[in-house]
Amino acid sequence: MYLNGNLITLDPDVPAASAVAIRAGRFVAVGADADVRALAGPDTEVVDLAGATVVPGFNDSHCHIEFAGQDELVIDLSGVRTVAEALAAIREFVAGRAGGEWVTGSGWHPPAQLVEARYLTRADLDDAAPHNPVFLPTVGHVAMTNSSGLERAGIDDSTPDPSGGTIDRDAAGRATGVLYENAIDLVTAVKPGWTIEELEVQFAAGLARANSFGITSVLQPWLDPRGIQALQRLWLDRRLTARVGAMWKPDPSVSLDEWRRTVEASGVSSWFGNEWLKLVGIKIFLDGGMTLRTALMHDEYPGDGHDHGMATMSPEHLTGLVVIAHELGWRLGVHCVGDRAVDHVLDAFEAANRVGPIADRRFALIHGSLARREQLERARALGVRLELQPAFLWGKAATIEKALGTATASRAIPMRSALDVLGIDSVSMGTDFPVNDLNPFLGLQLAVTRKDLRGVAYGPGEAVTREEALRSYTASGAFATRDETVKGTITPGKLADFAVLSADYLRTAEEHIKDIEVIRTVVDGRVVFEK
């Protein structure tokens, strides 16, 4: 049992407490020290919290956590600030690799991260890695490769753009090595993927890092069968240190008949699993991102009267995919950033709803970063969730403003509007790590202040209260995986997942919320991290 603490339970029946008792991985009592202490037996372990604040474990509702465990396998580009630094990191990494071996970069964001605010070209990469094919993914919508990578992928200057993708070309029509959306698949189709054993290592290390931030659950939104199998192995070996909701990514570019055969042949559907590992849906990509000028918008992008962003498929194809998956028992989460993309997704969800009610499936707008209020009203009518990431505003707000204009940047990540329209249980927070920092306190601070790293506020009217932000990062995420009755609050009978903090979240100065640290993380009653 834990005594002498400051517990923010998020349980409306007992909103504050000082002690909890735990048995068999669940809370059995929550309340005052004296009442809980009375339950102690001769073998009870008693922990004195010394007044420390305790919150329910964080539930990152959109997190590619395996990237946190790739340190030894990829080029670390997360900290580079110039093209020269990036190329130096690549040279150092390939120096220890055999010629002809593929080398891969970590997740990063050149337009927002580099002083030059540009992607690396094949010419840059050929100079840094003349003997190795290079693959540098960014935030899931753009990747870079060198001449060797282009050659292995069969891409030359005459290769046509694939449907839903673009091969960037210079003024002479020569492929630059920068690939957008579905064009990336031309390279990943020939590049060896991680083995299941490598993925096990990545997930285990990634979950351990998540635990250091008080994260006890993650929604993993983009997994192929090998990734799911790696997580299953960790679960069978009792090596999961956080609970995982997994979203499957069958290939959406196939015909609708092939899609139906693939989804049906899986033999499972959403909610297959248990409290540790559960299949919670299928994810589909529809558009790009705000900082990339590829989010699909109704209005033209500033400076180009013909640019509305990019769609990875037609609205008709999307609708077909969604309806078929719904018929086969799957929850759908669709990546949609631009407001036009949000409309296409809601159209598809409405078509599925005509086949059979979707409200109980917890369908989701993933990101929905530029959703408008009237679109949120449409989502509410369908029982659709919104999975937001305020962390995008920290280091990327200026880039969003440059790409879309000040007015649009100020309405990005519409959390206040979403809470008002959809209700707190239908709006969950996450990071989209590695696109953004894994630290949940950074997201909490942004949700409360709307201020980026320079202190510039974007859309302060979309700010929420501290308790709303915390609930969205904990209890609300449980609704996405149909786990609201078993986790997300510190309540008797629920899973004993919680974090002990270095400071009182409700009283820390708002500009220092991001600096709060986790000193202990407990999952299923077991300590998985201690500072």
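Residues 24 or more positions apart account for 73% of the contacts with a separation of 6 or more in this protein, where contact means heavy atoms within 4.5 Å. The model is a predicted one, in which local features need pLDDT of at least 70 and side-chain atom pairs count only at pLDDT 80 or more, while totals for chains, interfaces and linings use all residues. Residues are numbered from 1 along each chain as its sequence is written, and side-chain values use heavy atoms, with hydrogens and water left out.

**The whole protein**

The secondary structure comes to 18 helices and 23 strands; both are DSSP runs numbered from the N terminus, helices being H or I with at least four residues and strands E with at least two. The radius of gyration is 23 Å, close to the 24 Å that the globule rule gives for 531 residues, so the protein is as compact as a globular protein of that length. Here the radius is taken over C-alpha atoms, and the rule is 2.2 Å times the number of residues to the power 0.38. The C-alpha trace spans about 80 × 55 × 50 Å along its principal axes.

Buried residues make up 59% of the 531 residues, buried being under 20% relative accessible area with a 1.4 Å probe, protein chains only. The accessible surface comes to about 20100 Å², and carbon and sulfur atoms hold 51% of that area; such areas come from the Shrake-Rupley method with a 1.4 Å probe.

**The parallel sheet**

An open sheet of 8 strands runs in the order S8-S14-S15-S16-S17-S18-S19-S20, with parallel pairing. Strands S8 (58-60) and S20 (427-429) stand at the edges with a single partner strand each, so one side of each is left without a neighbour in the sheet. On average, neighbouring strands of this sheet are turned by 25 degrees against each other, direction ignored, using axes fitted to C-alpha atoms. Within the sheet, Val-334 has Leu-365 in S18 as its bridge partner.

**Helix H16**

Now to a helix that is mostly covered: in H16 (residues 440-449), 10 of 10 residues are buried, including Phe-441, Leu-444 and Val-448. Asn-439 caps the N-terminal end of H16, with a side-chain oxygen 3.0 Å from the backbone nitrogen of Phe-441. Just after the helix, Arg-450 takes a positive phi of about 60 degrees.

**Around strand S22**

Of the 6 residues of strand S22 (residues 518-523), 5 are buried, so this strand is largely enclosed by the rest of the structure. S22 and S23 form a hairpin with 2 residues between them, and Asp-524 in the turn has a positive phi of about 60 degrees. The table sets out strand pairs, where pairing calls for at least two DSSP bridges.

| Strand pair | Sense | Bridges |
|---|---|---|
| S17 (residues 332-336) and S18 (residues 364-367) | parallel | 4 bridges |
| S21 (residues 498-501) and S22 | antiparallel | 4 bridges |
| S22 and S23 (residues 526-530) | antiparallel | 4 bridges |

Ala-499 stands opposite Thr-521 in S22, while Val-522 has Val-527 in S23 as its bridge partner. Val-522 counts as buried, at 0% relative accessibility. Leaving aside residues up to four places away in sequence, Val-522 touches Tyr-2, Thr-216, Ala-496, Asp-497, Phe-498 and Val-527.

Definitions and conventions: Axes fitted to C-alpha atoms, helices over the stretch in contact; angles between N-to-C directions. Buried < 20%, exposed > 50% of the residue type's maximum accessible area, 1.4 Å probe, protein only. Polar contact = N/O pair within 3.5 Å; in protein donor to acceptor, adjacent residues only side chain to side chain.
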